[in-house]
Amino acid sequence: MVEKRNGPTNVLIVGVGGQGVIMVSKVLAQLCQNHGYEVKQSEVHGMAKRGGGVFSHVRYGSAVWSPTIPEGEADVLLALEWAEALRWINFMNPDTGTFIADTQRIVPPFACRARGRGEEAGYAPQTPEEIMAQVRAGYAIDATSMAEDLGNLKAANTVLLGALSTTLEFPVEDWLEVIRGFVPPHSIDINMAAFAAGREWAQAGDKRVEESAKGLHKADVELQQQVITKLEITEEWCKGCDICVKMCPERCLRLNEQLVAELPDPSKCTGCRMCEWLCPDFAIKITNTPVLEAAE
Ligand code: SF4
Ligand code: SF4
């Protein structure tokens with residue numbers, strides 16, 4: 001729980017375009033307003049597509065004079081993407097701050113200089129365990145996988161809200177009421193479950209690293225083995241933005257007549273996951289199954 005002090009409470013929310021930073025920020029600001037606090041919120045939207053940094057400062061209290069959080073004074077740093085968490089970590093109060101980050105990696109295009117299977121991307125090398133050893137309190141949580149297991153990886157930001165709820169003073173019912181007003185009606189149930197999953201996971205300790213986030217990232221392990229690649233496109237989520245088509249190193253994707261991405265010749269796909277990482281709408285899912293496992 002964030003320590004009570006005289007000034008406003010500062011929550012810095014960061015991520016990349018398409019992840020829902022602004023939605024998370026608005027949920028928190030609305031909740032604070034409902035509790036009678038003065039709230040100041042400032043945000044930089046960055047690029048609307050994945051790869052652009054997005055951040056939002058939320059400050060609340062009995063009186064708040066400035067909309068931006070000074071460096072070193074965030075009570076909570078909430079990151080929807082791992083490298084963005086590291087980029088902003090110096091904004092967290094080193095003595096009292098809480099670090100909450102999804103361990104999912106969205107590798108920016110310029111970091112993918114060598115794109116063959118097994119090649120290293122130029123991405124932040126620090127592991128969740130190394131970072132958690134440096135912070136006072138917090139969670140390196142595989143929120144995206146948790147949301148995916150619940151049936152919709154877009155609910156990852158609600159998993160993180162569940163973890164955030166353990167650090168702030170607001171009752172659970174009030175969080176849920178506000179979240180219901182911000183998510184599409186058909187996804188209310190899954191977002192309620194995502195919030196509960198994130199909250200329950202964070203309540204199990206003041207400092208936790210998700211088991212699946214330890215050591216090498218899952219993608220790195222996959223890339224070091226012989227694998228069978230399966231590429232799935234959720235057609236109703238694809239907006240035909242063309243990013244995957246332009247960025248695929250093998251040039252094996254195209255848009256069909258309905259302006260939906262498709263993979264005409266699966267044998268050309270190396271399973272590098274570039275398209276999955278870069279799709280702003282989570283429309284592509286790559287599954288790399290090690291050959292040995294597939295044969296079992
Ligand atoms: S389709 Fe996707 S996973 Fe396959 S080679 Fe192209 S970018 Fe890589
Ligand atoms: S699959 Fe994603 S990146 Fe590719 S065209 Fe559709 S929305 Fe764009």
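## R273, a buried loop residue

R273 counts as buried because 23 C-beta neighbours lie inside 10 Å. The cut-offs are these: a residue is buried if 20 or more other C-beta atoms lie within 10 Å of its own, exposed if 12 or fewer, and partly exposed in between, with C-beta atoms placed from the backbone. R273 sits in the loop between β10 (261–262) and α10 (274–278). Helices (H or I, at least four residues) and strands (E, at least two) are DSSP runs, numbered from the N terminus. Phi of R273 is positive, near 75 degrees, and R273 is not a glycine. Most residues other than glycine have a negative phi.

The model is predicted: local features need pLDDT of at least 70, side-chain atom pairs count only at pLDDT 80 or more, and totals for chains, interfaces and linings use all residues. Residues are numbered from 1 along each chain as its sequence is written, while chains are lettered from A and ligands numbered from 1 in the order in which they are written.

## Another positive phi

D242 also has a positive phi, about 85 degrees, although it is not a glycine. D242 lies in the loop between β8 and α9 (243–247). With 13 other C-beta atoms within 10 Å, D242 is partly exposed.

## The whole chain

The protein chain has 11 helices and 11 strands. Of its 296 residues, 40% are buried. Take the contacts between residues at least 6 apart in sequence: 65% join residues at least 24 apart. Two residues are in contact if their C-beta atoms, placed from the backbone, lie within 7 Å.

## The largest nonpolar core

The largest nonpolar core holds 73 residues, and L77, L78, I100, V159 and L160 touch the most other members. Its largest share, 7 residues, comes from helix α1 (residues 21–34). Domain 1 (9–213) and domain 2 (225–295) each give this core at least three residues. Those domain bounds come from an automatic or database domain assignment. A nonpolar core is a set of buried Ala, Val, Leu, Ile, Met, Phe, Trp, Tyr and Cys residues joined through C-beta atoms within 7 Å. In soluble globular proteins, nonpolar side chains tend to be buried together.

What does I100 touch? Leaving out residues up to four places away in sequence, I100 touches V76, L77, L78, G138, Y139, L160, A163 and L164.

Helix α1 has 14 residues. From its first C-alpha to its last, α1 reaches 20 Å, close to the 20 Å expected at 1.5 Å a residue. The expected span is 1.5 Å times one less than the number of residues. Its buried residues are V21, V24, S25, V27, L28, A29, L31 and C32. They pack against β1 (9–16), β2 (38–44), β3 (53–61), β4 (76–79), α5 (156–165) and α6 (172–182). After α1 comes G36, with a positive phi near 85 degrees.

Helix α5 is largely enclosed by the rest of the structure, because 10 of its 10 residues are buried. Among them are V159, L160, A163 and L164.

I228 has its place in strand β8 (residues 227–233). It is partly exposed, with 13 C-beta neighbours inside 10 Å. I228 and T289 are 61 residues apart along the chain, yet their C-alpha atoms are separated by 5.1 Å. K230 is partly exposed, with 14 other C-beta atoms within 10 Å. From K230 to T287 is 57 residues in sequence and 5.1 Å in space, C-alpha to C-alpha.

I286 is in strand β11 (residues 284–290). I286 counts as partly exposed, with 19 C-beta neighbours inside 10 Å. Leaving out residues up to four places away in sequence, I286 touches T229, L231, G271, R273 and E276. The C-alpha atoms of I286 and R273 are separated by 6.3 Å, and these residues are 13 apart along the chain.

## Around the two ligands

Ligand 1 has 14 residues around it, and C248, C269, C272, M274 and C275 come nearest. A residue counts as near if its C-beta atom, placed from the backbone, lies within 6 Å of the molecule. The shell divides into 10 nonpolar, 2 polar and 2 charged residues. Ala, Val, Leu, Ile, Met, Phe, Trp, Tyr, Cys and Pro count as nonpolar, Asp, Glu, Lys and Arg as charged, and the others, Gly among them, as polar.

Ligand 2 has 13 residues around it. Which of them come nearest? They are C238, C241, C244, A261 and C279. By class, the shell around ligand 2 has 9 nonpolar, 1 polar and 3 charged residues.
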